Structure formats: structure tokens, C-alpha cells
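User: Could you take a close look at one helix for me, with the setting it sits in? I would like the cut-offs spelled out as you go.

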Amino acid sequence: MIIETLLLLFAKGALLGLIVTAPPGPIATLCINRSLHRGFRSGAAIGIGAALGDACYALVAAAGLAMVSHTVDDYSLPIAAAGGALLIFLGIRDLVTPPAGAVEVGARDLFGKIASTFLLAISNPGALLSFGGLFAGLGLVDGNTVTEVAAIVIGVFFGAMAWWTALSAAVNLASDRISSDLTLLIRRISGGLIIAFGTVVLGFAARLLLA
């Protein structure tokens, strides 16, 4: 009975991970960009960072950690500012740097992508409210034990990673069929979108500062 309960919570967490990950956004744009220009491993690294960020917010929502929630609110301004600035930097780099040929991506580069994407994933404090609402809708907020919380959070991580892995693999497979001119165009468009997303995040930070 306990195993069945944990499996059910894991499945609900995985579904939640897919729900919050699938909508397009700045991280999806980054994942497509990196998978197209740097290969599957780079795209998957972006996904790992995003999934870890989602798992952290899932932990807060599932455990009902009010103190952590208040801490996130207290530091939402610097978090949002850092995330917006990072997005704008990455977007400008894509616009001004010509695409390189196939390169070997080292462990240090992959770790950097995971860390920077994790920062982007947690730079949206509003995500905590989204997780809270979705958890309530799936009945995941009532008296969860430590083991149950772990099952939910692990499910969220694996559900999110399933999406990012599929997206990275699909883009990487399609990259061989895309001309260099179209690849460059996609890089420029994604760079512009990333800058736009970063500007929106900085606008959110400015609103917090003036509030």
C-alpha cells in the first residue's frame, strides 16, 4: 500500500513536471538554441538546470515550507535582477557571436550551463505560486510525510527531464537537415527572444523595487 501511494505521488509529480515545463519560454528557447548549435549534451544540460530549479520550487510547495517561501519573497528582487541580466547577456552573445562548427563540450562547460540555467529557473519567484496552485489541484498538499514529499519532488524532476531530453534529442536530430543559413537565422531569432525575456524579467524586478 505504501509503495502504491509513493508510485502514485511520483506519477502526479511527473505529470506536474511536464505541465510546468512544456509551455514555451526563455529556457525552452535556450534549450533549442544550444541543442541546435552545441549538440544534445548542451541541450540536456540546460534541461538538468531547469529541472533542478523546478524540483526546488516543488519541494517548497510540497513541504509547505512557509519560512522558505518568505525567504524567496525577501530575495525576489536580486534573484529576478540576476536572472534578467543573465538572459540579456546570453541573448546578446548569441546575436554578436557567429555560430561555430561542431565542438566537443567539456564537463566544465556542461556544469556551467547547468548552474546558469538553475539560476534562470529560480529567478521567477512567481513560479512558487504556480506550483502551489497546481499542487492544490492535484491534491498534493495535505499532510505529506518526508517520504511522500521526496516521491513528489523526484517525480517533478523526472517529468521535467523527460520533456527536456525529448526536446534536445528532437532538435539535435533535426539539426543535420537544417541549412547553415537557416541555422544562423534561428540563432539570431532565439537571441532576440532571449533578450526580450530578459527585459521582461528586469521589468518585473524594477516593479518590485518601486513597490
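Analyst: Buried residues, those under 20% relative accessible area with a 1.4 Å probe and protein chains only (exposed is over 50%, partly exposed in between), make up 39% of the 211 residues in the chain. This is a predicted model, where local features need pLDDT of at least 70 and side-chain atom pairs count only at pLDDT 80 or more, while totals for chains, interfaces and linings use all residues. Residues are numbered from 1 along each chain as its sequence is written, and side-chain values use heavy atoms, with hydrogens and water left out.

The chain has 9 helices and 0 strands; here helices (H or I, at least four residues) and strands (E, at least two) are DSSP runs, numbered from the N terminus. Counting contacts (heavy atoms within 4.5 Å) between residues at least 6 apart in sequence, 92% join residues at least 24 apart. The accessible surface, from the Shrake-Rupley method with a 1.4 Å probe and, for residues, only the protein chains shown as cover, comes to about 10900 Å² for the chain, and 73% of that belongs to carbon and sulfur atoms.

Now to the helix itself, α2, which covers residues 26–38. Its expected span is 1.5 Å times one less than its number of residues, so the 13 residues should span 18 Å, and the end C-alpha atoms, 17 Å apart, agree with that. Helix α2 is mostly covered, with 10 of its 13 residues buried. Among them are I27, L30 and L36, but also N33, R34 and H37. After α2 comes G39, whose phi is positive, near 100°.

S35 counts as buried because its relative accessibility is 1%. Its side chain reaches the backbone oxygen of C31 at 2.8 Å, a polar contact (a pair of N or O atoms within 3.5 Å; within protein, one must be able to donate a hydrogen and the other to accept it, and residues adjacent in sequence count only if both atoms are side-chain atoms). C31 is itself one of the buried residues of α2. Leaving aside neighbours within four places in sequence, S35 is in contact with F40, G43, S168, V171 and N172.

For contrast, look at F10 in helix α1 (residues 2–21). With 32% relative accessibility, F10 counts as partly exposed.
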